[in-house]
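Biologist: Could we go through the charged side chains of this protein together? I would like to begin with individual residues and then turn to the overall fold.

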Amino acid sequence: MRTSTEYRRPYRPLAVSLFNQVGRAARRCGFGGALDVGRMIAAARRRTGLSDFGDEWFLEPLEVLVESINAEARLTALGATIQRSRIVSALAIRLRAARLLRERPEILDVDLGRILLIAGLQRTGTTTLHRLLAADPGTRALRAWEVLNPVPLRDEGTGAPRRRMRQAKRAARAIGFLAPDFRAVHPMAWDAPEEDVLLLDLSFMSQAPEAAMHVPSYSRWLEARDHTKCYEYMLTVLKILHWQRPGDRWVLKTPHHMEHLDVILDVFPDVCVIQTHRDPKKSVPSFCSMVAHGRGIFSDHVDPVEIGAHWMRKIRRMMERSMSVRRSADEHVFVDVSFYDLIADPLGELRRIYGAAGIDFTEAAADAARSVSERSGKDGHGRHVYAPASFGLDEETIDGYSEAYRRKYRIPDE
């Protein structure tokens, strides 16, 4: 089965189409409509029975995001419902985290150990590498159910997160129902290693909204801000997760990190940054297709050409900012991984990464990675098809935007 390239006409199950029709009618009658920060904060407080967020610095990015969603995103009724629920959930997590830290202040002293942080561009093998590293029994990785709900629920012990797991299973089934093609583009499972961008999203300062929605004013605002507090809060949430389930070290992964390597080097102790590299002529249109399929979940107005222009500019910014940081940083902190070497010899690349990070590559780690590598691709849900022209791009344009990056890391044509 091939994924659709009809990005302007997102797939809609009948039940979703009917829900959106009812929502449009309700909006015409003055019901539903815009997201409201005050109401969402009140909903989070009702849900948790808590009121104290601690430092409320995150309210400014939340307000900017919501204003951008209301003015620019053109969400369907279901899209607005999902985004409202997502924001209320993030606020509830912050409330529960604040209470937990008041009750257990020793969590802030948790030592995470060595941090392996994958910061390659989108669609360059980051997910493959993440899962190989996460397979090591001694390595702690975020699981999808943890990302959605990193703080224990009321009356939930650290070793019995059944409710949070059930919620993640429902979320995975919902995405499969709403956008079957998306599962062919990006592998998902409720208990698989997942990106930590959603931990950054708890501060409403991440690339997640601009990947899921058309929010250009929020994106411009975000690029002009200092992200230190956002990463400091992410570090705090990681300590909460480590307190629940420790490990010898952590592996983290999201392309978002490429924009903020300077902050990461300041905030994260004992970090090894791993950058994956692939021909952007392949990775850029692949990611644009992923964004288009994702946006179709939330809006009937998906413009693939706008997606291509936005993300080509954004990806160039990520390249330039990461190269700028590396020019003045200690190069021993970084490990570069070719997508092609990773695919050809995954265990050889792992052995090299472990050596550069000063970690023993044990037989248990090798066996676990070998098992993951052998299973890779066997749980596919179709063939992902895409072309640069769908997004107003061509190979010459992509090469022009990425020339310095390709030259720096000797990236071949694919």
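Biologist: Is Glu 6 buried, partly exposed or exposed?

Modeller: Glu 6 is partly exposed, with a relative accessible area of 43%. Buried means under 20% relative accessible area, exposed over 50%, and partly exposed in between, with a 1.4 Å probe and protein chains only. Please note that this is a predicted model, in which local features need pLDDT of at least 70 and side-chain atom pairs count only at pLDDT 80 or more, while totals for chains, interfaces and linings use all residues. Residues are numbered from 1 along each chain as its sequence is written, and side-chain values use heavy atoms, with hydrogens and water left out.

Biologist: Which side chain meets Glu 6 in a salt bridge?

Modeller: That is Arg 9, at 3.1 Å from N to O. A salt bridge here is a side-chain nitrogen of Lys or Arg within 4 Å of a carboxyl oxygen of Asp or Glu. Arg 9 itself counts as exposed, at 61% relative accessibility.

Biologist: How many salt bridges are there in the whole structure?

Modeller: The search finds 33 salt bridges.

Biologist: What does Asp 270 pair with?

Modeller: Asp 270 forms a salt bridge with Arg 114, and their closest N and O atoms are 3.2 Å apart. This pair links distant parts of the chain, 156 residues apart: Arg 114 is in strand E1 (residues 114–118), and Asp 270 is in the loop between helix H13 (261–267) and strand E4 (271–277). Helices (H or I, at least four residues) and strands (E, at least two) are DSSP runs, numbered from the N terminus. Asp 270 is partly exposed, at 46% relative accessible area.

Biologist: And which residue forms a salt bridge with Lys 281?

Modeller: Asp 413 does, with the closest N and O atoms 2.6 Å apart. Lys 281 lies in helix H14 (residues 280–295) and Asp 413 in the segment after helix H19 (395–409), so the pair ties together parts that are 132 residues apart in sequence.

Biologist: Is Lys 281 buried or exposed?

Modeller: Lys 281 counts as buried, at 9% relative accessibility, whereas Asp 413 counts as exposed, at 58%.

Biologist: Which residues are linked in a network of salt bridges?

Modeller: The network consists of Glu 210, Glu 223, Glu 259, Arg 313, Lys 314 and Arg 317.

Biologist: Changing topic, where is Asp 191 found?

Modeller: Asp 191 is in the loop between helix H8 (180–185) and helix H9 (197–200), and this residue is partly exposed at 38% relative accessible area.

Biologist: What about the overall fold: how many helices and strands does the protein have?

Modeller: The secondary structure comes to 19 helices and five strands. The C-alpha atoms fill a box of roughly 60 × 55 × 40 Å along the principal axes.

Biologist: Finally, what share of the residues is buried?

Modeller: Buried residues make up 56% of the 414 residues.
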